[in-house]
Amino acid sequence: MLELKHIKKYYQVGDTLTKAQDDVSVAFRKQEFVAILGPSGSGKTTMLNIIGGLDRYDSGDLLIKGKSTKDFKDADWDAYRNNSVGFIFQSYNLISHLSIIQNVEMGMTLSGVASAEKRQRAEDALIRVGLKDHMHKQPSQLSGGQMQRVAIARAIANDPEILLADEPTGALDSETSEEIMQLIKELSQERLVIMVTHNPDLAHKYADRVIEFADGRIQHDSHPHVEGTKSDQFNLKRTKMSYFTALNLSFNNIRTKKGRTFLTVFASSIGIIGIAVVLALSNGFQKQINQTQSEAMASMPVTISQVGSDNTAMTGTSQKSFSKADQVTAKTSAADKAQHVNKLSDAYLDYVEKMPAKDAKNIAVSYGTGMNLMREVDGKYKTVSFSNSNPDSTTFNASAMLASTTGVGGSIYPIDRDGKQSFLKTYYKTIAGKYPTKATDLVLVVNKDNSININALKNLGFNVKENEHFDYDQLVGTQIKLVANDDYYTKLPTGTYIPSQKLDDLAAKPKTQTLTITGIVRVKSKNSDGLLAAGVAYSSKLTEMVLNENKDSAIVTAQKASATNVMTGQTMDASTKASVLTVLGGSSTPSSIQIYPTTFKLKDKVLSYLDKWNKGKDKADKVIYTDLAGTVSDMTGGLMDAITYVLVAFAGISLVTSMIMIAIITYTSVLERTKEIGVLKALGARKKDITRVFDAETFILGFGAGLFGIFVAWLLTFPINIVLENVTGLAGVAVLNPVHAIVLVIISTILTLLGGHVPARMAAKKDAAVALRAE
Ligand code: ADP
Ligand code: MG
């Protein structure tokens, strides 16, 4: 069955050489009860450990069923211990944080026996050793004799062919010793039992064969055996601990040390708490800053008008001294000199439209185009307009003079470059009706106090008195007809064009469109009041629609060909003619372009994009913009970033500190559990399995610390927000981003795993024989 051939094992400590095994040759039968007697330090334990595969021999050979073990790999030894050998120790070596039944199951757990079978076999083994009534106790609730019975049950649960017992009764009184010997004797009926003892009486009373050992050598053998040369098939089933077993083992261990675990988790989570709170705060502040900035940008867009002012031309014009001349000189004023006509060509418009969408989400293009508008009031159509100016005023009204074209006016709200409606939705809420969706949808913009310019309503054809109130539904749903030039203007035989006198007929013309006021909107935040003037607002899509309809109309064609005003017959200069054409819809040149940069920081990108157009161009071809926000700086944003980095760095240091702490705690745990490591190895655990057990423990600690930290940080955001609101008036600043929370838990887990992995590897490398000798 087993044969030791010239086994040697020497220990060199300092100058002393200990010959623990000094050329030992002995063979064992398949079934017998062998007792090994000898004085302390003679090498009995060493021999047992070598036979059990817990310790390696220096030279010689150990034959198992005739098979040499010289070429055994670690995995073979692990499997051999697990499948073929059962160990019983003097000090029982039960794993104290596992229940009795779990202790007995451990060997089978390592070799992956299914849980029902495992439980059955463990119970059978416990019944066999006489512990039927104590099966569900904890190891600490048992007497010495009972604990040794558990250890015996654990050793035989896997039904090994070899049972190795190292002074199994050394710690027991004589009566209990007899019982245990009786049990071992019984078990030796089915297997080879090798028992070390220093009690010659027990040895001679129970054993079939007594070997006397001294100074690392066999002195006497009562019943020697010569092993034949036959070689049995010898198959070993590899062991493997599952991650779940590792986690379970660690979890049980952690559970027995609740106080320490809580302190560890709490201390390790401080770093996470710090980082989470800093991130939550900077998130909130950044959001606040971005909102303030974008509100400011919304009221101060970068504007490109048909006539710009070239500020560079105005410098150096202030007079330095009084003139000594006695004449007067005629000069163009500096402001006039700086006037610059921008050529807002289609190419330029294209260029602006191609600006990166993230820098400027919204661009609003305004045209001077008029619209022929009319509304049915008391059963009759009358002309209306979107203007906010007083319709009764006698002051010069360009659109009224130029033509009876009525629609010039109203505000144009920007629409996103991708057609979405973010501007209105960001800054305005609907207090009645809904947001516009189509080109023909209009909205009424009201002030914070729900007031609206009285002229806007008068121009829309409402008969309205000062301070008159309107219900929302009196305004929402109002329909206005938009008439095409060709229907609106009639050519007289004299060649001049006049607006149609039969407005009622125009409503039914096929080209006539219906515009609808779909909602009433009001600014959301008090900071963004006045982005759009109170009155009618629409998008440039409506103007583009009108332009498309009217650009080739008869009146436009006629006006293009004529030097005089085709409606009044008056002669005009070139610029008046251009204005008339624009109002009639004969010019697609925008009157102004408004660009809304996303933030202050991005405004610089927008400006440099616009500057790039001018590069290398003649002065006349340059396009000059007005930057209303001017030099308002981006200080706040940059400062915020810097503060966040510094704070995160500090919190990061505490995170590293917790990682080191976890490493120390794992190291302590390794030291504490040295015995357990030895037991697990005796049961066939691989190095990897031991690493896994400790990795699992740090995993639980790291994950727990992460979760706990996030939870505390989240709790902290409430008092922090209350304090901040009292101090700064800003509500809900600290908001923990769920993505940050998840990332921090992952970071905590990974860092602690890293910190604990080194001690875990140390644990795995521990020599099993040394580990079991540890006290
Ligand atoms: P026994 O079990 O018969 O009391 P051991 O087999 O435990 O004896 O020890 C045999 C000798 O080997 C002893 O002198 C012991 O000190 C020595 N020894 C055992 N393990 C080691 C070790 N890891 N390092 C050094 N010496 C050891
Ligand atoms: Mg010993």
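Two strands pair if DSSP finds at least two bridges between them; strands (E, at least two residues) and helices (H or I, at least four) are DSSP runs, numbered from the N terminus.

This is a predicted model, in which local features need pLDDT of at least 70 and side-chain atom pairs count only at pLDDT 80 or more, while totals for chains, interfaces and linings use all residues. Residues are numbered from 1 along each chain as its sequence is written, chains are lettered from A and ligands numbered from 1 in the order in which they are written, and side-chain values use heavy atoms, with hydrogens and water left out.

Q: How do you know that strands S1 and S2 pair?
A: Ten bridges join strand S1 (residues 2–13) to S2, and the two run antiparallel. Within this pair, Leu4 stands opposite Val26 in S2.

Q: What makes S2 and S5 edge strands of their sheet?
A: The sheet is open and has four strands in the order S2-S1-S4-S5, with antiparallel pairing. Strand S2 (16–28) and strand S5 (67–68) each have a single partner strand, so one side of each is left without a neighbour in the sheet.

Q: Which strands stand at the edges of the open sheet of five strands?
A: The order of this sheet is S18-S14-S26-S11-S27, and the pairing is antiparallel. Its edge strands are S18 (415–416) and S27 (626–627), each of which pairs on one side only.

Q: How do you know that S26 pairs with S11 and with S14?
A: Strand S11 (residues 302–305) is joined to S26 by four bridges in the antiparallel sense, and Val302 stands opposite Ile595. Strand S14 (residues 360–366) is joined to S26 by six bridges, also antiparallel. There, Ile363 has Ile595 as its bridge partner, and Asn362 stands opposite Tyr596. Each pair therefore meets the requirement for pairing.

Q: In which sense, parallel or antiparallel, does S25 run with S17 and with S20?
A: Strand S17 (residues 411–412) and strand S25 (residues 535–538) run parallel, joined by two bridges; Ser411 has Ala537 as its bridge partner. Strand S20 (residues 441–445) runs antiparallel to S25, with three bridges, and Leu444 stands opposite Val536.

Q: Why is Ser385 called buried?
A: Its relative accessible area is 8%, which is under the limit for buried, and therefore Ser385 is placed in that class. Ser385 lies in the loop between strand S16 (380–383) and helix H13 (398–402). Its C-alpha atom is 81 Å from that of Lys257, 128 residues apart along the chain.

Q: What makes the phi of Asn93 and of Asp378 worth noting?
A: Most residues other than glycine have a negative phi. Asn93 has a positive phi near 55 degrees, and Asp378 has a positive phi near 50 degrees.

Q: Are Asn93 and Asp378 buried or exposed?
A: Asn93 is in the loop between strand S6 (85–88) and helix H3 (100–110), and at 7% relative accessibility it counts as buried. Asp378 is in the loop between strand S15 (372–377) and S16; with a relative accessible area of 79%, Asp378 is exposed.

Q: Which residues of helix H21 are buried, and what follows the helix?
A: In H21 (residues 574–584), Val580, Leu581, Thr582, Val583 and Leu584 are buried. The helix is followed by Gly585, whose phi is positive, near 95 degrees.

Note on methods. Buried means under 20% relative accessible area, exposed over 50%, partly exposed in between (1.4 Å probe, protein chains only).
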